[in-house]
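This briefing goes through one protein model together with its ligand. The points are grouped by topic.

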Amino acid sequence: MTVSYAHEPFTNFQEETNKQSFQEALAYVNSQLGKHYPLIINGEAIETDKKIISVNPADKKEVIGSVSAAGKELAEKAMQAALQAFQTWKKVRPEHRANVLFKAAAIIRRRKHEFSAYLVKEAGKPWKEADADTAEAIDFLEYYARQMLKLKDGSPVKSRDGEYNQYHYKPLGVGIVISPFNFPLAIMAGTAAAAIVTGNTILLKPADAAPVVAAKFVEVMKEAGLPDGVLQFIPGDGGEIGDYLVEHPKTRFVSFTGSRAVGCRIYERAAKVQPGQKWLKRVIAEMGGKDTVLVDRDADLDLAASSIVYSAFGFSGQKCSAGSRAVIHQDVYDEVVEKAVALTKSLTVGSPEDFDTYMGPVIHEASYNKVMRYIEIGKTEGKLLTGGEGDDSKGYFIQPTIFADVDENARLMQEEIFGPVVAISKARDFDHMLEIANNTDYGLTGALLSKTRAHIERAREDFHVGNLYFNRGCTGAIVGYQPFGGFNMSGTDSKAGGPDYLILHMQAKTTSEAY
Ligand code: NAP
């Protein structure tokens with residue numbers, strides 16, 4: 001085993017001083033609410049008439065801030081700026097590019113609680129979830145900077161007498177980076193940083209639901225020394241500028257994280273070669289999941305229940321890795337379900353600003369309505385054991401909800417809900433558990449709780465997911481420790497935070513000189 005480096009530690013909120021600094025950060029962010037953030041194209045701040053208003057999902061009357069929204073014309077201006085900046089940025093030494101990321105990480109680390117406080121306010125993340133999102137952003141920046149230093153001289157190839165061969169990685173060109181709402185700092189910053197440190201220039205389109213924290217990140221990159229034109233910040237309607245830029249003949253690659261529907265749309269549209277286009281676009285698409293926690297008959301049943309509950313309800317079930325289904329061996333089914341229900345009933349739901357809140361709201365009205373519709377479907381497909389209620393009078397709150405005795409092929413067991421709802425099925429034996437685990441279109445994460453070595457090894461081979469965990473929950477991948485990405489309709493398995501990730505943003509060039 002090699003020990004490489006420690007990841008950014010999570011804040012210990014049991015320490016009073018940490019708790020106090022977080023409260024101060026929240027107070028500071030509360031004093032900053034309502035500010036406006038422009039587009040940034042070639043370093044120039046641009047205001048538009050059209051604005052995206054970011055609201056607090058826990059208190060929909062509270063405006064977090066607003067950002068200007070780009071239409072097609074400004075998207076084109078951003079593309080031209082990125083094309084021009086690529087000519088110089090691609091020549092900047094990799095060490096220099098990496099240093100920008102190291103510096104950005106240091107700035108965010110210094111303002112860690114401030115960034116987390118924005119995540120509390122804008123994304124409805126409870127303290128611990130917000131803290132983990134910020135830590136992951138720092139990790140991505142530093143990990144990709146280190147990876148670039150490893151890759152800067154290429155990979156070794158053989159030379160022979162009278163012939164010198166080299167193998168180097170070259171940047172691709174202009175990339176479109178499109179990020180989701182659920183890790184509005186970590187995934188947004190990570191996907192942007194990977195594309196930039198490899199020598200590309202980008203157009204960054206954050207999710208509509210959480211653009212302010214992205215604007216703050218863009219400020220940090222400038223402070224860290226990123227030259228104008230390398231990163232254009234262009235919030236805007238995904239359908240409008242997303243389609244335009246994905247189809248643009250000068251787009252060299254798209255780095256997308258989000259839903260299956262949008263990912264498939266991007267994949268299809270990017271594949272079509274447009275007039276004037278000189279390459280095949282590369283698409284990195286990390287999409288949805290329907291992730292399963294399996295409980296074997298000899299599992300530690302308390303650990304099994306807590307793994308089901310925390311995987312299902314962390315950040316209100318709005319993680320692509322969320323364990324939105326559990327499959328339990330029939331011999332321990334009743335006991336585990338009972339323990340999971342008891343634990344779920346102890347979870348606190350409320351304002352994420354309160355330290356004691358375990359679960360905040362879901363992100364917005366559309367999401368609230370979608371989850372509540374699935375709860376109605378669940379009532380026809382299984383036994384509602386706890387939760388099932390929502391309250392959108394102030395924010396978009398939904399009780400953590402468990403449905404038991406759900407058929408393995410029911411909609412609740414097959415479709416990504418992206419809310420605090422878990423469906424539980426009973427399995428006859430281990431083979432049946434594995435069969436159910438693999439019966440969706442997705443393949444992102446999974447967990448097996450078992451003490452049987454043969455079952456663990458069998459799952460290692462046959463549980464078809466990109467990230468598989470044993471004797472723990474299925475969320476919480478750490479950069480550099482558990483590279484992240486899924487199989488099947490969960491996407492292109494790009495493995496963010498892993499050793500193969502940066503290479504996806506480059507192309508290898510072989511040179512051979514005859515002496
Ligand atoms: P989403 O609705 O697909 O949106 C993701 C991004 O795509 C947003 O910035 C969105 O912009 C943009 N978009 C919308 N239509 C587009 C189009 N036609 N062309 C280009 N871009 C377009 O996803 P979300 O609700 O933000 O995020 C939740 C989803 O992400 C879940 O399915 C979750 O599983 C997945 N996810 C996957 C991973 C992973 O690593 N596999 C990680 C995190 C999340 P607007 O905001 O303007 O619509």
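Between which helix and which strand is the place of Thr198? Thr198 sits in the loop between helix H6 (186–197) and strand S8 (201–205). The model is predicted. According to the UniProt annotation "domain: Aldehyde dehydrogenase", from an unreviewed entry, the domain covers residues 49–510. Over residues 49–510 the chain is 40% helix and 20% strand, with the end C-alpha atoms 49 Å apart.

- The side chain of Thr198 reaches two backbone oxygens: that of Ala194 at 2.7 Å and that of Ala195 at 2.9 Å.
- Apart from neighbours within four places in sequence, Thr198 is in contact with Arg97, Met148, Pro171, Leu502, His505 and Met506.

**Ligand surroundings**

- There are 31 residues around the ligand, and those that come nearest are Ser179, Asp208, Ser259, Met287 and Glu416.
- Ser179 places a backbone N or O atom 2.8 Å from an oxygen atom of the ligand.
- Glu416 has a polar side-chain atom 2.6 Å from an oxygen atom of the ligand.
- Arg265 has a polar side-chain atom 3.4 Å from a nitrogen atom of the ligand.
- On its own the ligand has 910 Å² of accessible area, of which the protein covers 87%.

**Nonpolar cores**

- The largest nonpolar core has 71 residues, and Tyr144, Leu204, Phe217, Met221 and Leu231 have the most contacts inside it.
- Helix H5 (residues 127–151) supplies the largest share of this core, with eleven residues.
- Leu231 touches Ile40, Ile196, Ile202, Leu204, Phe217, Val218, Met221 and Leu226, with residues up to four places away in sequence not counted.
- A second, separate core has 32 residues, including Val293, Val295, Ile308 and Ile328.

- Val254 belongs to strand S10 (residues 253–257).
- With 0% relative accessibility, Val254 is under the 20% limit and so counts as buried.
- The C-alpha atoms of Val254 and Ile284 are 6.1 Å apart in space, while the two residues are 30 residues apart in sequence.
- Val254 touches Ile176, Ile178, Val246, Ile266, Arg282, Val283 and Ile284, if residues up to four places away in sequence are left out.
- Ala285 belongs to strand S11 (residues 282–286).
- Ala285 counts as buried, because its relative accessibility is 3%.
- Between Ala285 and Thr257 the C-alpha separation is 5.8 Å, and the two are 28 residues apart along the chain.
- Beyond neighbours within four places in sequence, Ala285 is in contact with Phe256, Ser490, Gly491 and Thr492.

- Phe315 is not a glycine, yet it has a positive phi of about 45°.
- The loop that holds Phe315 runs between helix H10 (301–313) and strand S13 (325–329).
- Phe315 has a relative accessible area of 1% and is buried.
- Asp405 also has a positive phi in a residue other than glycine, with a value near 55°.
- Asp405 is in the loop between strand S17 (401–404) and helix H13 (411–414).
- Is Asp405 buried or partly exposed? At 39% relative accessibility, Asp405 counts as partly exposed, because buried requires under 20% and exposed over 50%.

**Asn467 in strand S21**

- Asn467 is part of strand S21 (residues 467–470).
- The relative accessible area of Asn467 is 4%, so this residue is buried.
- A polar atom of the Asn467 side chain lies 3.3 Å from the backbone nitrogen of Gly485.
- Gly485 is also one of the residues in contact with Asn467 once neighbours within four places in sequence are left aside.

Key
Residues are numbered from 1 along each chain as its sequence is written. This is a predicted model: local features need pLDDT of at least 70, side-chain atom pairs count only at pLDDT 80 or more; totals for chains, interfaces and linings use all residues. Side-chain values use heavy atoms; hydrogens and water are left out. A nonpolar core is a set of buried Ala, Val, Leu, Ile, Met, Phe, Trp, Tyr and Cys residues joined through side-chain atoms within 4.5 Å. Buried means under 20% relative accessible area, exposed over 50%, partly exposed in between (1.4 Å probe, protein chains only). Helices (H or I, at least four residues) and strands (E, at least two) are DSSP runs, numbered from the N terminus. Contact means heavy atoms within 4.5 Å. A residue is near a molecule or strand if one of its heavy atoms lies within 4 Å of it. A polar contact is a pair of N or O atoms within 3.5 Å; within protein, one must be able to donate a hydrogen and the other to accept it, and residues adjacent in sequence count only if both atoms are side-chain atoms. Accessible areas come from the Shrake-Rupley method with a 1.4 Å probe; for residues, only the protein chains shown count as cover. UniProt positions are given in the numbering used here, feature names are shortened, and annotations may be inferred rather than shown by experiment.
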